[in-house]
Amino acid sequence: MGTSSADPPPVLDFVVPVYNERENIEAFLRQVKTQVEIPCRVLIVYDFPEDNTIPEVTRLASLMPFEIKLVENTLGRGPLNAIRAGITASTSEAVIVTMADCSDDLGDVSRMYACYAQGADLVCASRYMRGGGQIGGPLIKGLLSRVAGISLRLLTGLPTMDATNNFKLYRRQVLETFPVESQKGFVFALEVTVKAFLGGFAITEVPTIWRDRTAGKSNFRLLQWLPLYWRWYWLAVRARGFGLYRSIPIPRKSESPPRSKLQDPM
Ligand SMILES: Nc1nc2c(ncn2[C@@H]2O[C@H](COP(=O)(O)OP(=O)(O)O)[C@@H](O)[C@H]2O)c(=O)[nH]1
Ligand SMILES: [Mg+2]
């Protein structure tokens, strides 16, 4: 949809999980159109053929200047498997995971891409660094995510205050080095970020402002998914938090650039 097969491959794929986002998908695609200057492709990942996002995407595809690919998630329902399915279908060297509910500010993409172009392997859009923010959403969810992000930064030296935010840019090598073990929820970002950190990849962050959706319904199940975060939080704290457990075997990047070479983009 959108472009012919003779076009060069996009430099940036967006992986966008959707669950009945009929009310948001047009605004989302228009934001990609107006805010993203980098040649890109959008992979919309749905779980079942009756998802009400699909007809909207089909209707809008020819109106967008970038390619849109509808990807069926056949790995099992839920956002985490949808993100995995989207990443499997992606082909670009840089992959951004973002949400279809217009909560992420796509105006931050150029800055994220600039960090990647300067050598970052993983660029985290960060609500909790200076200049970032979080507007709306359930109080307890926001609070837990803030405490997790900031404490992980302070305890382990992980170079972002917002490891749990799924709005991130990944260099393909990061995604290929670490098979994702989690199976449910939105814990994808935290798992890959912790593994990339312990594996010596270059990580940086740029500020972002997250706004709660104004249409449709959140599918986030706080109580059910919360325990999934602990495993990765604890892995990072054990490995780096106390300086006592450095011998935990972690897959390492083959020729990893020193993380310190990366300048803070701010
Ligand atoms: N494929 C798929 N996408 C989902 C699922 N649940 C949520 N999403 C998508 O993931 C993104 C964020 O979901 P949302 O429910 O708003 O979570 P929240 O932003 O944390 O409240 C949106 O683009 C949703 O459409 C799911 O079960 N399957
Ligand atoms: Mg949302």
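Modeller: Let's start with serine 182, whose side chain makes a polar contact with the side chain of tryptophan 232, at 3.1 Å. A polar contact here is a pair of N or O atoms within 3.5 Å; within protein, one must be able to donate a hydrogen and the other to accept it, and residues adjacent in sequence count only if both atoms are side-chain atoms. The side chain of serine 182 has another such contact, of 2.5 Å, with the side chain of glutamate 191. Before going on: this is a predicted model, where local features need pLDDT of at least 70, side-chain atom pairs count only at pLDDT 80 or more, and totals for chains, interfaces and linings use all residues. Residues are numbered from 1 along each chain as its sequence is written, chains are lettered from A and ligands numbered from 1 in the order in which they are written, and side-chain values use heavy atoms, with hydrogens and water left out.

Serine 182 sits in the loop between helix 6 and helix 7; helices (H or I, at least four residues) and strands (E, at least two) are DSSP runs, numbered from the N terminus. Setting aside neighbours within four places in sequence, serine 182 is in contact (heavy atoms within 4.5 Å) with Leu80, Val187, Glu191 and Trp232.

Trp232 also turns up around valine 194, which touches Leu152, Trp232, Leu235 and Ala236, not counting residues up to four places away in sequence. Val194 is among the residues with the most contacts inside the largest nonpolar core, which has 42 residues; the others are Ile87, Leu152, Tyr170, Phe188 and Leu190. A nonpolar core is a set of buried Ala, Val, Leu, Ile, Met, Phe, Trp, Tyr and Cys residues joined through side-chain atoms within 4.5 Å. Elements that each supply at least two residues of this core include helix 3 (79-89), helix 6 (172-177), helix 7 and helix 8 (222-241). Apart from it lies another core, of 36 residues, among them Ile25, Phe28, Leu60 and Ala94.

Helix 7 (residues 188-198) leads on to the sheet: it lies across strand 5 (122-126), strand 7 and strand 8, running at about 45° to strand 7. Axes are lines fitted to C-alpha atoms, for helices over the stretch in contact, and angles run from 0 to 180 degrees between N-to-C directions. The sheet itself is open and mixed, with 7 strands in the order 3-2-1-4-7-5-8; two strands pair if DSSP finds at least two bridges between them. Strand 3 (67-72) and strand 8 (203-207) are at the edges with a single partner strand each, so one side of each has no neighbour in the sheet. From one strand to the next, the twist averages 20°. Strand 4 (residues 94-97) and strand 7 (residues 168-171) run antiparallel, joined by 4 bridges, and isoleucine 96 has leucine 169 as its bridge partner in strand 7.

Another serine to look at is serine 103, in the loop between strand 4 and helix 4 (109-117). Serine 103 counts as buried because its relative accessibility is 3%. Its side chain reaches the backbone oxygen of arginine 211 at 2.8 Å.

Methods:
Buried < 20%, exposed > 50% of the residue type's maximum accessible area, 1.4 Å probe, protein only.
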